[in-house]
Amino acid sequence: MFRQQIRRFSKASFLAGAAVASAYVTYEVAFPKTQLLNENEKYVNKFPSFKTTVENMPSREEMLKKLGPEIKKEDKDKVFTAEDVPEKSFDLVIIGGGASGAGSAVDASLRGLNVLVVEKEDFAAGTSSKSTKMAHGGVRYLEKAIFQLSKAQLDLVIEALAERASMLENAPHLATILPIAIPIYKWWQLPYMYSGCLMYDLFAGRQALRYSYIQSRAATLATQPQLDSEGLKASLVYHDGSFNDARFNTALALTAIKQGATVLNYTEVEQLLKNSENKVKGVRVRDRETGKEYLVKAEAVLNCTGPYSDRLLDMDHDPKGVSPAKALDTPRMVVPSGGVHIVLPEYYCSKDVGLLDASTSDGRVMFFLPWQGRVLAGTTDVALKSVPEHPVASEDEIEEILKELQHYVTFEVKRDDVLSAWCGVRPLVKDPRKTPKNGATQELVRNHLIHTSDTGLVTLSGGKWTTYREMSQDAVDEVLKVHPELKDPTKNVNHVEIKPCQTQHHKLFGAEDFDTSLAARLAQAYKLPSDLAAHLASNYGDRAPVILEIYKKDRANRLPVALAAADELAQLPTYEEFEFPFTVAELKYSVHNEYARHPLDFLARRSRLAFLDARAAQKAVKGVVKVMGDELNWDDEKRSQLEKETTQYIEHMGLTANKTSFLENEV
């Protein structure tokens, strides 16, 4: 009886199983594509689709038309006033297109103001492209805060740590976390350094990137095989941010334009327009490409010219708002200091972990950091009597950095290994309203400073790259405080309610749909080499597919920029021409979508080739001039002129020995 029950149960189970299997097979035969599509759709929806077209951004010519009336040729020598311009074109004019100027434009435009930015050269052409490329709180400031019991220094560190997190959040394609190792050669240094780094992490609070840790001697040498092992005890690893400064600056400018701001490079301020009450109510600007001049009326003007702030303040002191023949004998706001950096081959440092020299011969801090496939080393700190127009790295400062580096590596450090070098001017600032006592040097402000003149001109200077967003917020707050009528919807140009600051969590251009898998997905979709996909993803973010659409259209667009000139194509290319991932497609994108107007805009600031390898950049000059000339319809004379200018500029980026930070024609 038991066996019969077993047979019945087995038969029933078999029949039930057969029915289920038959139904499953029938479903698979009837609906296989539907199921597959559903599975694929579920997977694809995990990632945003590629952006293969850009927003309808205005051209430079269209933005120029938004300026005020063009000055007639017969009136070029006339000095104008604000009353000569009948209508207000903008709420706010920002002079300077560096980090603080472009950052202020993003802040003001997101609040609802109608903004104009005018930059004499290119975005980040000055100090903003010549930084240490670190988004950091400043470990040396923390040390000073502790030993000097300085709350001001501590506040500076905490402020910068918060802003570091904002940079990493708002532009994750341009700013990333970088571990930095501090080699320990004396045992007593270990608890001292470790406690300092733990405090650095502690003050970051929830925004700490990763916690500091100790590496053994063996682990240190495994990650940094170039290190001198003699006497090495261990290393301490802490974390900060690394970013591409010039491309970050470009992203700020593009973000402002996307929000409705008018942002113009190669547009120079010739005069501050004042009204009958001696208040600054606009600017006279000159388009450096065409020579045309325009009168622009605005409620407020913000000076964001960094190291050159005093030049605008001199114009502000003049009753007519024009630049004096020579600098005025008035208290200076900027105390310039030059900082030199050099770039070395990748074997000078780990590709994933930087190095910090915390005890240089003169007591400063020196960094050796992996950056864009090379090693960035610096910086020096030399006081300057005046601000150079185009600062350059002096040979003495280059040798100083190499000398410090020799203490850490096991092979000979050679001058020939320097691939590029530059000098950036730090705008250390002091309040011009405070006069010196008995000729003593006034105390410098280590943070940023906002100064409002009697004319209503607001000046923002000082600070550092990491705190650009908070600096911009403070500057726009001051503008609204000094010009409260801008808050009135009936009086501002856009007729809107002005919002509070919106920038703390606002994604920048290229970051909206960026994710860490982008490089892999680009390589897969476009059949790219991994280094090219990684380069485009980490520099252009979700706009990288737009470049790749240009890339695939024409075989010529896939050439390295160094091979774009016709005479270069007649020669057999060498391996070096393909060393860098900068293609004609990227160049064309920069011209038409990022307002590149000069060969240096691309070579130095959009692609960074001149900063990575000056010799390679020089070889690419002809190709870049040819492509840009074809795209922008340059005549032969202009092509020849710009080729010469570009070659000479790059020559001073470490290829020739500069005696000082000034070019010979500036001394």
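Biologist: How many cavities of 30 Å³ or more does the structure hold?

Modeller: This is a predicted model in which local features need pLDDT of at least 70 and side-chain atom pairs count only at pLDDT 80 or more, while totals for chains, interfaces and linings use all residues. Residues are numbered from 1 along each chain as its sequence is written, and side-chain values use heavy atoms, with hydrogens and water left out. A cavity is a set of points, on a 1 Å grid over the protein atoms alone, where a 1.4 Å probe fits but cannot get out. The number of cavities of 30 Å³ or more is 4.

Biologist: How much space lies in the largest cavity?

Modeller: A volume is the space filled by probe spheres set on the grid points, which are joined across faces, edges and corners. For the largest cavity, this space is about 70 Å³.

Biologist: Which helices each supply at least two residues of the lining of the largest cavity?

Modeller: Lining residues have an atom within 4 Å of a point; here they are Gly103, Val106, Asp107, Asn170, Leu252, Tyr468, Arg469, Ser472, Thr503, His506 and Leu508. By class, 4 are nonpolar (Ala, Val, Leu, Ile, Met, Phe, Trp, Tyr, Cys, Pro), 2 are charged (Asp, Glu, Lys, Arg) and 5 are polar (the others, Gly among them). Helices (H or I, at least four residues) and strands (E, at least two) are DSSP runs numbered from the N terminus. Those that each supply at least two lining residues are helix 4 (99-111) and helix 12 (468-482).

Biologist: Which helix gives the largest share of the lining of the second largest cavity?

Modeller: The second largest cavity has a volume of about 60 Å³, and its lining divides into 6 nonpolar, 2 polar and 3 charged residues. Among the lining residues are His173, Arg247, Phe509, Tyr540, Arg543 and Glu594. Helix 9 (245-258) and helix 14 (530-540) each supply at least two residues of this lining. The largest share, 3 residues, comes from helix 9.

Biologist: Which helix gives the most to the lining of the second largest pocket?

Modeller: Of its 37 lining residues, the closest to its centre are Trp371, Gln372, Gly373, Ala534 and Ser538. Strand 4 (175-184), strand 6 (234-243), strand 13 (366-371), strand 14, helix 13 and helix 14 each supply at least two residues, and by class the lining has 19 nonpolar, 11 polar and 7 charged residues. The most, 6 residues, come from helix 14.

Biologist: Why is helix 15 (residues 544-553) described as largely enclosed by the rest of the structure, and which helices do its buried residues pack against?

Modeller: Helix 15 is largely enclosed because 7 of its 10 residues are buried, where buried means under 20% relative accessible area, exposed over 50% and partly exposed in between (1.4 Å probe, protein chains only). The buried residues are Ala544, Pro545, Val546, Ile547, Leu548, Ile550 and Tyr551. Contact means heavy atoms within 4.5 Å. The buried residues of helix 15 pack against helix 13, helix 14 and helix 17 (584-593).

Biologist: What separates the C-alpha atoms of Ile184 and Ile214?

Modeller: Ile184 is found in strand 4 and is buried, with a relative accessible area of 0%. Leaving aside neighbours within four places in sequence, Ile184 is in contact with Gln189, Leu190, Met193, Gly231, Leu232, Lys233, Ala234, Ser235 and Leu236. Ile184 and Ile214 are 30 residues apart along the chain, and their C-alpha atoms are separated by 10.0 Å.

Biologist: Is Ala124 buried or exposed?

Modeller: Phi of Ala124 is near 65 degrees, a positive value in a residue other than glycine. Most residues other than glycine have a negative phi. Ala124 is found in the loop between strand 2 (115-118) and strand 3 (134-135). With a relative accessible area of 2%, Ala124 is buried.

Biologist: Is His495 buried or exposed?

Modeller: His495 also has a positive phi, about 55 degrees, although it is not a glycine. This residue lies in the loop between helix 12 and helix 13 (518-526). With a relative accessible area of 55%, His495 is exposed.

Biologist: What is omega for the cis peptide bond that joins Gly378 and Thr379?

Modeller: Most peptide bonds are trans. Thr379 lies in the loop between strand 14 (374-378) and strand 15 (382-383). For the cis bond that joins Gly378 and Thr379, omega is about 15 degrees.

Methods: On a 1 Å grid over the protein atoms alone, a cavity is a set of points where a 1.4 Å probe fits but cannot get out, and a pocket is an open set with protein on both sides within 12 Å along at least five of seven lines; lining residues have an atom within 4 Å of a point.
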